[in-house]
Amino acid sequence: MKKTTLGKTTAAMLTTIMMLNGSPMVSAYSGTIEGEKTTTFEKYLVMDKDANVPNASFTYSISAGTPTNDILAGVDANKVTMEGVDTETANTITYKPNDTTSSDANNKIKNFNSSTQKYALKKATLDFSQCQFQQPGIYRYVLTELGVNQAITNDEATTRTIDVYVENAEGNSLKIAGYVLHSGTGSNKSQGYTNNYDTSDLTFRKEVSGNQASHDKYFKFTVNITGAKANTVYNVDLTNADSTVNGHTNPTTLTVGTNGTVSADYYLKHGQEIKVEGIAKDSKYNVTEDNDGYSSKAASVENYNDPTSGTIVSSDLKTSYLNEKTGTIPTGVIISVAPFAAITLFAVAGMVTIKMSKKRKTNED
């Protein structure tokens, strides 16, 4: 949030406040307010680079702060409006999957890792033009954020303190000289709010083994995700799989329906895998396979041994199916064939010898 540089009249303004503290307030001002009548605050939603922006919303309220010896309670708090936010609901900030994100280094975000994270930024404007300030002073307001969204951790402090600096202007009027936003009710300055979106990736892999197992055979997988936020979009990484198999296209994105579920089929052969990215924590998942006559073992591949169904946690999950197909070669086949092969070989050799002998005798004659 920006702060307008305060004029030299601040000291005199504070003196006036202290003189008036406890005394009936008599205003000689016309009620006209000049200066900067709006201020902004920022809201960051931080997530993994693999995740899409979720559907999430946060609402805000403004109330009068607690007065102190040097601070006045904010006046007309119910007349402060919030503008400049792309939402259909008043005093609300909304995030959607198509929102722009950035990974640029930003020292405003605590512990932000630009190599693994990105953020979606929203800015809201608070308008104090309808507040009827009656005297110079520092007026305190409290901004409160509310919102419960799946897998989103709210800022460690849901309130921000806004101090509005009002001083004398030319003529019989007052002006807003500046704003300062504090974290919580303390004295630390703040730019706004930061929330974190907790997601993980789900990878499922296909491997086959056995002397009768085909490495070129495709197996059908079905992945189901439930308990998710409607309209959430997941990217699917097909780097280690085929995009199209026998006319079937393996989907590259999945969109959660209005009932909070999404299901899709994928085809994989030996050594291939699929990764569904950015699934919100506490969503449920289930990966099944059509083994097509092979014996099947779930979660049996080394390093891909997480359960094939369960709950998304705060770490990536890797699961798999190992299919086996073996056959027994009949014993004695080579032995029983060998004598006949030997007889045939000798017969051919004999015929060649006789033919060569006849040819030699003819040449001699």
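Modeller: On a 1 Å grid over the protein atoms alone, a pocket is an open set of points with protein on both sides within 12 Å along at least five of seven lines. A cavity is a set where a 1.4 Å probe fits but cannot get out. Lining residues have an atom within 4 Å of a point. This is a predicted model: local features need pLDDT of at least 70, side-chain atom pairs count only at pLDDT 80 or more, and totals for chains, interfaces and linings use all residues. Residues are numbered from 1 along each chain as its sequence is written, and side-chain values use heavy atoms, without hydrogens and water.

Biologist: What volume does the largest pocket have, and what lines it?

Modeller: The volume is about 420 Å³, taken as the space filled by probe spheres set on the points, which are joined across faces, edges and corners. The lining has 21 residues; Lys110, Asp155, Glu156, Arg160 and Thr194 lie nearest the centre. Strand β12 (residues 192-197) gives the largest share, four residues. Strands are DSSP runs of E, at least two residues, numbered from the N terminus.

Biologist: How many cavities of 30 Å³ or more does a search of the whole structure find?

Modeller: One. The largest cavity holds about 60 Å³ of space. Its lining includes Pro54, Gln150, Tyr197 and Lys229.

Biologist: Why is one side of β5 and of β9 left without a neighbour in the sheet?

Modeller: Five strands form an open sheet, β5-β7-β2-β12-β9, with mixed pairing. β5 (81-83) and β9 (152-153) stand at the edges with a single partner strand each, so one side of each has no neighbour in the sheet.

Biologist: What makes β2 and β7 a pair?

Modeller: Two strands pair if DSSP finds at least two bridges between them. Strand β2 (residues 38-48) and strand β7 (residues 117-127) are joined by 11 bridges and run antiparallel. Tyrosine 44 stands opposite leucine 121 in β7.

Biologist: Why is the pair of tyrosine 44 and tyrosine 119 called edge-to-face?

Modeller: Rings of Phe, Tyr and Trp (its six-membered ring) pair if their centres lie within 6.5 Å; planes under 30 degrees apart are stacked, over 60 edge-to-face, the rest tilted. By this rule there are 13 aromatic pairs. Here the centres are 5.4 Å apart and the planes stand at 70°, so the pair of tyrosine 44 and tyrosine 119 is edge-to-face. Tyrosine 44 lies in β2 and tyrosine 119 in β7, so the pair ties together parts 75 residues apart in sequence.

Biologist: How do you know that the charged end of arginine 205 sits over the ring of tyrosine 304?

Modeller: NZ of Lys or CZ of Arg must be within 6 Å of the ring centre and within 35 degrees of the ring normal. Arginine 205 sits over the ring of tyrosine 304, 5.3 Å from its centre.
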